[in-house]
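Hi there,

Here is the structure I promised to pass on to you. Please have a look at it first, and then read on for what was found in it.

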Amino acid sequence: MTILSTEQILSAFKNRKSCRHYDETRKISEQDFNFILELGRLSPSSVGSEPWKFIVLQDPKLREAIKPFSWGMASTLDSASHIVVILAKKNARFDTPFMLEGIKRRGVTEPEAIEKTLAKYKDFQENDMQTLNDERALFDWCSKQTYIALGNMMTGAAMAGIDSCPIEGFNYAEMNRVLSEAGLFDANEWGVSVAVTFGYRTQEIAQKARQPQEDVVIWAK
């Protein structure tokens, strides 16, 4: 395994900036984009739930259909090499088939072990997070996990010389409607969490404006 230096990694972080102008003549190779998708798939999530799906929005007709309400990517819908809309699971209660499948996927198959794990998840959702009977809170919990995948995908892309931009600037109700009516997902089971564009910048992007480390880090020694 090749180990990158801290300088190389930090350089990629500094070079990763939100791209608003892509070169429409340059497309990300299938191999490189599968690499980006793998970074999302392999991301960690709370209790290993993996409450996400990744819609790769390449259909020109669908990109055109979301233009009227996707102001945050209006300038890149035509030029971005790839657009990904990340979905979050709805109603991911501890006692649903979705959570049970996740437990079994991680090798917990004995009935007693499954029962003990589900009891732990119930306590977590009911008492620690207090989300068990709150549909919106459960969806927000799953949406938080998708942002871990989002960050990994963008950072990995930057390390491979590929630009990106996270997008929340759109009407969520309309995005859910258009994509679910296109048959891309069941709106009763999934909902749009966030989107992200990928491609190659056409111009230099202004230096990042970030607070100094001493203003954002609190040491509890």
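Before the first finding, one term: a polar contact is a pair of N or O atoms within 3.5 Å, where, within protein, one atom must be able to donate a hydrogen and the other to accept it. Please also keep in mind that this is a predicted model.

With that term in hand, let's begin at Thr197. The side chains of Thr197 and Tyr22 are joined by a polar contact of 2.8 Å. Thr197 sits in strand β4, which covers residues 190–199. Is Thr197 buried or exposed? Its relative accessible area is 0%, so Thr197 counts as buried. Leaving out residues up to four places away in sequence, Thr197 touches Cys19, Tyr22, Met73, Thr76, Ala80, His82, Ile83, Asp163, Ser164, Cys165 and Ile167.

Now a step back to the whole chain. The protein chain has 8 helices and 4 strands. Starting at the N terminus, its elements follow the order α-α-β-α-β-α-α-α-β-α-β-α. The C-alpha trace spans about 55 × 50 × 35 Å along its principal axes. The chain has 221 residues, of which 41% count as buried. Among contacts with a separation of 6 or more, 80% come from residues 24 or more positions apart.

Ile66 and Val178 are 112 residues apart in sequence, yet their C-alpha atoms are 7.3 Å apart in space. Ile66 belongs to helix α3, made of residues 60–66. With a relative accessible area of 0%, Ile66 is buried. Which residues does Ile66 touch, not counting residues up to four places away in sequence? They are Leu57, Met73, Leu77, Met175 and Val178. Met73 is also on the list for Thr197.

Gln31 is found in helix α2. With a relative accessible area of 66%, Gln31 is exposed.

Helix α2 is also part of a helix pair. Helix α2 (residues 30–41) packs with helix α6 (residues 135–159) at an angle of about 145 degrees, and their axes are 8 Å apart. The crossing of these two helices is right-handed. On the α2 side, Phe35, Ile36, Leu37, Leu39 and Gly40 take part, and they meet Ala149, Asn152, Met153, Gly156 and Ala157 of α6. What kinds of residues make up the contact of α2 with α6? There are 7 nonpolar and 3 polar residues, and no charged ones.

Next, the cysteines. How many disulfides are there? The count comes to 0. As a reminder, a disulfide is a covalent bond between the sulfur atoms of two cysteines. For Cys19, the nearest cysteine sulfur is that of Cys165, 7.5 Å away. A disulfide needs the two sulfur atoms within 2.5 Å, so Cys19 is in no disulfide. Cys19 is buried, with a relative accessible area of 1%. Cys142 is buried as well, and its relative accessible area is 1%.

Ser180 is in helix α7, which runs over residues 172–181. A polar atom of the Ser180 side chain lies 2.6 Å from the backbone oxygen of Asn176. The relative accessible area of Ser180 is 19%, and buried means under 20%, so Ser180 counts as buried. Not counting residues up to four places away in sequence, Ser180 touches Phe185 and Ala187.

Finally, two residues to check in the backbone. Glu50 has a positive phi of about 45 degrees, although Glu50 is not a glycine. Glu50 is in the loop between α2 and β1 (52–56), and at 29% relative accessibility Glu50 counts as partly exposed. Asn91 is not a glycine either, and has a positive phi of about 50 degrees. The loop that holds Asn91 lies between β2 (82–89) and α4 (97–105). At 31% relative accessibility, Asn91 counts as partly exposed.

Enjoy exploring it!

Best wishes

Conventions. Residues are numbered from 1 along each chain as its sequence is written. This is a predicted model: local features need pLDDT of at least 70, side-chain atom pairs count only at pLDDT 80 or more; totals for chains, interfaces and linings use all residues. Side-chain values use heavy atoms; hydrogens and water are left out. Axes are lines fitted to C-alpha atoms, for helices over the stretch in contact, and angles run from 0 to 180 degrees between N-to-C directions. A crossing is left-handed if the near helix is turned anticlockwise from the far one by less than a right angle, and right-handed if clockwise. Contact means heavy atoms within 4.5 Å. Ala, Val, Leu, Ile, Met, Phe, Trp, Tyr, Cys and Pro count as nonpolar, Asp, Glu, Lys and Arg as charged, and the others, Gly among them, as polar. Buried means under 20% relative accessible area, exposed over 50%, partly exposed in between (1.4 Å probe, protein chains only).
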